[in-house]
Amino acid sequence: MQQTNQLRKIIKGTGQATLIFFEFIFLYVIAGIFLSYVSVNKNVDDPDDVAIYILSNGVHTDLVLPIRNNTMDWSKTVKSEHTKGKDTTFRFVAFGWGDKGFYLEAPTWSDLKISTAFKAAFALSESAIHTTFYNEIAEGDHCIKINISENNYKRLVDYIHNSFETDVNHNLINIKTSAVYGENDTFYEATGTYNLFYTCNTWANNGLKACQQKAGLWTLLQGGIFYHYRK
């Protein structure tokens, strides 16, 4: 009889835990969708001082900036010598923040391990910034051009720069790895921790907020960013 009661308690406890888990997932998804459609900085009226881009591969969003202008010369900090190609002629550099394990251990979904996903979801791993160099940026379904003021561009530069981890000499810390995606990209150590509530797209969305551009109140997915420029 005692064993039967214990079994009932275990079954009841398991059922309650399962219910709480699915309630959490439901609320998480609903909040992720709803809050991404709540606009901030709806009425932006910036002079066309600097052109930046938001670029997506369908899952992950990068912020693309000019390599150099009167405000910032990224070539002095994000160095082409850290890439395989070592090309110094590029005109744009894309910045993407994310979980270090995802970036280095799972370049494609087929490479993703449960352990990597678990660590990322629960803030158990480090973060990294992925930089990619481009000569041209083509606007399209997954790329939008935004013209912003010089002052707002300075805000964006500060936001991105503060996302990098630096050494004692204030230099960016390049990650020595063969897990790059091509000839013209590289990784750097980053601040912050990826988790269920702060994803790569949350970081990009917050970057747009930082430079006073249209963005979602909170978003987990790239669609929550692009929605505000497509509607």
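These legends describe an overall view and close-ups of a predicted model.

Residues are numbered from 1 along each chain as its sequence is written. Local features need pLDDT of at least 70 and side-chain atom pairs pLDDT 80 or more, while totals for chains, interfaces and linings use all residues, and side-chain values use heavy atoms, without hydrogens or water.

**View 1. The protein chain holds six helices and eight strands.** Helices (H or I, at least four residues) and strands (E, at least two) are DSSP runs, numbered from the N terminus. Their order from the N terminus is α-β-β-β-β-α-α-β-β-α-β-α-β-α. Of the 231 residues, 43% are buried, meaning under 20% relative accessible area (1.4 Å probe, protein chains only).

**View 2. Strand β5 pairs with β4 and with β7.** Two strands pair if DSSP finds at least two bridges between them. β5 spans residues 127-134, and seven of its eight residues are buried. Strand β4 (residues 92-99) runs antiparallel to β5, with eight bridges. Strand β7 (residues 185-189) is also antiparallel to β5, with five bridges. Ala 128 of β5 stands opposite Gly 98. In β7, the bridge partner of Ala 128 is Glu 189.

**View 3. Helix α4 packs with helix α5.** α4 covers residues 150-161 and α5 residues 200-210. The angle is about 145°, and the axes lie 8 Å apart. Axes are lines fitted to C-alpha atoms, for helices over the stretch in contact; angles run from 0 to 180 degrees between N-to-C directions. Contact (heavy atoms within 4.5 Å) involves Arg 155, Leu 156, Tyr 159 and Ile 160 of α4. From α5 come Trp 203, Asn 206, Gly 207 and Ala 210.

Key
Buried < 20%, exposed > 50% of the residue type's maximum accessible area, 1.4 Å probe, protein only.
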